[in-house]
Protein chains: 2
Amino acid sequence: MKSQFFDLVAPEEARQRLLAHITPLTETDTLPAYQAMGRVLAHAMRSPQVLPTFRRSTVDGFAVRAQDTHGASDSLPAYLAMAGEVPMGVISEQVLQQAQAITVHTGGMIPDGADAVVMIEDTQQVGDDEIEVRRTVAAGENVINVGEDINEGDLILPAGHRLREHDIGGLLAVGLTEVEVVARPRVAIFSSGDEVIPPQQEPLPGQVRDINSYTLAALVARMGGQAVLGGILPDDYEAIRARVSAAFKDGANMIVLSAGSSVSVRDNTARVLDALGDPGVLVHGIATRPGKPTILGMAGRVPLIGLPGNPISAFVQFMMIGVPALSALQGAAPRPAEVLRARLTTNVPSMAGREDYVPAKLLPGEDIPRAEPIFFKSNLIFKLVEADALVKIPLDKAGLQADALVEVRLL
Amino acid sequence: MKSQFFDLVAPEEARQRLLAHITPLTETDTLPAYQAMGRVLAHAMRSPQVLPTFRRSTVDGFAVRAQDTHGASDSLPAYLAMAGEVPMGVISEQVLQQAQAITVHTGGMIPDGADAVVMIEDTQQVGDDEIEVRRTVAAGENVINVGEDINEGDLILPAGHRLREHDIGGLLAVGLTEVEVVARPRVAIFSSGDEVIPPQQEPLPGQVRDINSYTLAALVARMGGQAVLGGILPDDYEAIRARVSAAFKDGANMIVLSAGSSVSVRDNTARVLDALGDPGVLVHGIATRPGKPTILGMAGRVPLIGLPGNPISAFVQFMMIGVPALSALQGAAPRPAEVLRARLTTNVPSMAGREDYVPAKLLPGEDIPRAEPIFFKSNLIFKLVEADALVKIPLDKAGLQADALVEVRLL
């Protein structure tokens with residue numbers, strides 16, 4: 001009985017084995033841009049127009065001919081005749097003549113004939129009809145030219161980009177009020193194990209509440225997926241097979257099973273996932289903690305993830321593998337800086353050949369934040385609740401020293 | 001005309017002046033815990049029960065009396081009689097006797113009489129009824145005791161905590177399936193300026209599309225607020241006053257006005273906000289770029305934010321002030337590590353006495369990420385679309401050198 005149970009695969013290789021099989025969903029949704037936050041663009045977006053469409057002032061001041069301010073200074077101002085004002089939001093019909101100044105507002109249109117704007121702070125009104133200009137401006141100064149923001153046909157955002165607030169601003173600025181985004185992956189989530197009961201029930205001795213279904217569903221939702229809770233399955237091969245097959249036939253785009261903790265349930269998980277379709281199970285056991293007994297596979301285009309029942313293992317492994325798999329299903333690149341850096345407050349033991357993820361509190365640091373590891377036995381969910389982040393202890397390290405610079409993922 | 005227009009206030013002081021007046025909303029919502037992601041707890045949550053409720057094994061193996069394994073090793077195993085199995089999810093009625101071993105699964109109940117679990121890897125079956133134990137286990141080894149995760153009455157999460165996925169797992173684990181959270185602040189958002197048109201319209205020369213309403217609404221939604229779009233207001237005091245007053249009377253919890261760019265509109269904004277209620281305008285102009293003409297005030301318990309019309313200024317200032325104000329309305333502490341660190345790729349000029357926020361791309365770095373500033377004239381929304389983050393150039397610095405360690409906020 002001294003076997004290792006599984007052929008353990010390094011975490012990065014395990015993840016890549018799964019990701020290599022995933023192709024983005026071809027279904028899309030067409031949405032108003034302002035409702036598409038966090039969704040992933042199905043196609044590259046190009047600008048249908050130039051922006052700005054008219055020359056705009058970047059300041060409050062006076063549109064002038066730059067040459068009329070040549071040599072102007074506090075001691076030797078230039079004098080220009082005030083020739084009206086460009087109101088906001090309408091076309092300026094007026095053409096600026098030599099030695100004239102026309103009042104313009106920030107964002108307002110520069111009248112024809114003008115090629116620069118003098119800031120109001122650099123002028124002084126003298127009488128009703130004249131200003132002193134106390135500074136020389138160069139041609140083009142304080143002016144945004146037509147097309148300086150974007151030109152017709154320019155790439156705004158590539159396919160696979162996950163939309164952020166300011167991206168939506170950019171799209172709306174050029175009238176792209178609708179976007180086509182990749183459909184939300186439908187993720188069927190099951191819990192299994194004879195000891196697992198719904199959270200609203202009062203557990204009898206030996207029973208525990210199902211929390212994995214809900215924490216995994218919340219991670220799925222955050223990543224732009226749509227969780228479909230399949231409920232709690234008994235520790236029985238046929239029962240599990242029937243329910244998981246039904247979800248597969250119903251068109252689930254990913255199937256996640258957090259198995260109860262007994263060996264028999266884990267074996268059932270592997271058998272069910274393997275039987276669902278080709279290529280079947282790709283990884284059975286990962287050199288990582290928590291989450292060693294994780295099972296990865298594919299049935300056709302559908303990624304299959306079998307997680308340990310331990311809530312911390314299930315949560316951590318879904319962050320490490322389920323989240324990138326969801327991005328891959330959406331054809332999305334990961335966001336920059338999802339991985340941060342921190343300094344360990346204390347030594348952390350590990351084992352060479354195993355990649356650990358240690359829950360930690362993040363504390364303010366002198367330059368970068370400090371990560372204070374939380375040590376505990378497995379299966380204590382409230383230790384994870386105390387944590388802000390997961391610290392990575394790399395595969396090739398037998399632990400890390402205090403002050404080591406570590407990768408952390410925010411929880 | 002050489003005045004500075006505004007009494008400029010340092011950004012931190014401006015923010016604190018506003019935050020000092022904000023009191024959390026007293027309205028709450030009661031929700032299923034699994035639908036409360038990102039919401040803020042109205043009350044501290046304490047555990048109604050002990051967890052685990054029964055002694056659990058952390059491994060697959062055999063429940064034993066630790067003293068029966070005393071001195072056991074590969075060369076001198078202890079021999080124990082196999083005395084059945086504890087099935088998952090039911091009470092074990094059996095009591096372990098001296099020199100016996102009972103099979104237990106990870107997470108399963110430890111039978112009475114046992115005080116430790118031997119991992120299956122450290123055993124060898126010999127015949128049908130006996131095992132060899134090849135390692136000494138200590139009392140309590142591989143056992144989670146009753147209450148080791150949490151005890152009845154223990155604090156789970158404090159009031160003001162913004163719920164994350166794993167928090168919801170913790171709540172459900174002890175049967176807290178409903179939570180009372182602070183109501184979503186209702187944020188009335190207006191754009192104003194005669195040049196501003198709805199994004200679905202085709203602009204005439206001199207007109208620009210309203211994007212601020214939508215980017216600000218998306219930020220509000222991300223922070224757990226509820227945006228109520230008030231539309232585009234003309235550059236007219238009475239029109240602005242009427243619409244903003246109506247929103248105030250309708251019970252908006254925050255009012256945000258991104259004013260068109262002309263001085264007259266900014267003045268209208270200040271007058272309207274000041275007239276809405278006491279204490280009125282608190283800050284008129286901030287020593288920051290972008291966003292100098294920002295106006296902050298309070299009418300009773302309602303924060304008022306007047307933003308420049310320039311979409312980048314409006315967006316950046318809403319991140320800096322609107323987002324913390326929304327957290328304050330929810331009684332929520334900011335999340336740790338919302339501010340990250342990066343190294344500048346290049347020098348960035350600034351002006352002592354002014355706090356700048358420079359859009360930047362984040363690139364992978366040797367230890368921490370590198371921030372590549374994006375330089376551009378104001379009012380170019382697509383330069384912001386290129387950015388992943390905002391780099392802070394502190395108030396007391398006249399610029400920063402390449403390689404300087406800077407605070408960045410992810411966009």
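Q: In this predicted model, how many residues of chain A are in contact with how many of chain B?
A: Contact is judged on C-beta atoms placed from the backbone, with a limit of 7 Å. By that test, the numbers in contact are 85 residues of chain A and 84 residues of chain B.

Q: Which helix of chain A gives the most to the side that touches chain B?
A: Several elements of chain A each supply at least two residues to this side, among them strand 8 (123–126), helix 3 (212–222), helix 6 (311–329) and strand 26 (405–410). Helix 2 (165–173) is also one of these elements. The greatest contribution, eight residues, comes from helix 2 of chain A.

Q: How do the residues of the side of chain A that touches chain B divide by class?
A: Gly counts as polar here, and Pro as nonpolar. On that basis, the side of chain A that touches chain B has 42 nonpolar, 26 polar and 17 charged residues.

Q: Is helix 2 of chain A mostly covered or mostly open, and how many of its residues are buried?
A: A residue needs 20 or more other C-beta atoms within 10 Å to count as buried. Those that pass include Glu165(A), His166(A) and Asp167(A), along with Ile168(A) and Leu171(A). Helix 2 of chain A is mostly covered, and its buried count is nine of nine.

Q: Which residue with a positive phi follows helix 2 of chain A?
A: The phi in question is near 80°. The residue is Gly175(A).

Q: How are helix 3 and helix 6 of chain A oriented to each other?
A: Their axes come within 10 Å and cross at roughly 25°. Angles under 35 degrees count as roughly parallel. Helix 3 and helix 6 of chain A are therefore roughly parallel.

Q: What is the handedness of that crossing in chain A, and how many charged residues does the contact have?
A: Helix 3 of chain A passes helix 6 of chain A in a right-handed crossing. Helix 3 brings Asn212(A), Thr215(A), Leu216(A), Leu219(A) and Val220(A) to the contact, while helix 6 brings residues including Phe315(A), Phe318(A) and Met319(A). By class, the contact has ten nonpolar, three polar and no charged residues. The crossing is right-handed, and the charged count is none.

Q: What is the crossing angle of helix 3 and helix 6 in chain B?
A: The crossing in chain B is right-handed. The two helices are roughly parallel to each other. Their axes come within 10 Å, and the angle is roughly 25°.

Q: Is Asn142(A) buried or exposed?
A: Asn142(A) has a positive phi of about 60° although it is not a glycine. It sits in the loop between strand 9 (130–133) and strand 10 (143–144) of chain A. Because 23 other C-beta atoms lie within 10 Å, Asn142(A) is buried.

Q: Is Asp403(B) buried or exposed?
A: Asp403(B) is not a glycine, yet its phi is positive, at about 80°. Its loop runs between strand 25 (389–393) and strand 26 (405–410) of chain B. Because it has 12 C-beta neighbours inside 10 Å, Asp403(B) counts as exposed.

Q: With which residues is Lys397(A) in contact, leaving aside neighbours within four places in sequence?
A: Lys397(A) lies in the loop between strand 25 (389–393) and strand 26 of chain A. It counts as partly exposed, with 19 C-beta neighbours inside 10 Å. Its C-alpha is 9.1 Å from that of Pro349(A), 48 residues away along the chain. The contacts are Ser350(A) and Ala352(A).

Q: What is omega for the cis peptide bond joining Leu51(B) and Pro52(B)?
A: Pro52(B) is in the loop between strand 2 (45–46) and strand 3 (56–57) of chain B. The omega of this cis bond is about -5°.

Definitions and conventions. Residues numbered from 1 in each chain as written. Chains lettered and ligands numbered in written order. Predicted model: local features only at pLDDT ≥ 70, side-chain atom pairs only at ≥ 80, totals over all residues. Contact = placed C-beta atoms within 7 Å. Helix = DSSP H or I, 4+ residues; strand = E, 2+ residues; numbered from the N terminus. Axes fitted to C-alpha atoms, helices over the stretch in contact; angles between N-to-C directions. Parallel < 35°, antiparallel > 145°, perpendicular 65-115°, else oblique. Left-handed = near helix turned anticlockwise from the far one by under 90°.
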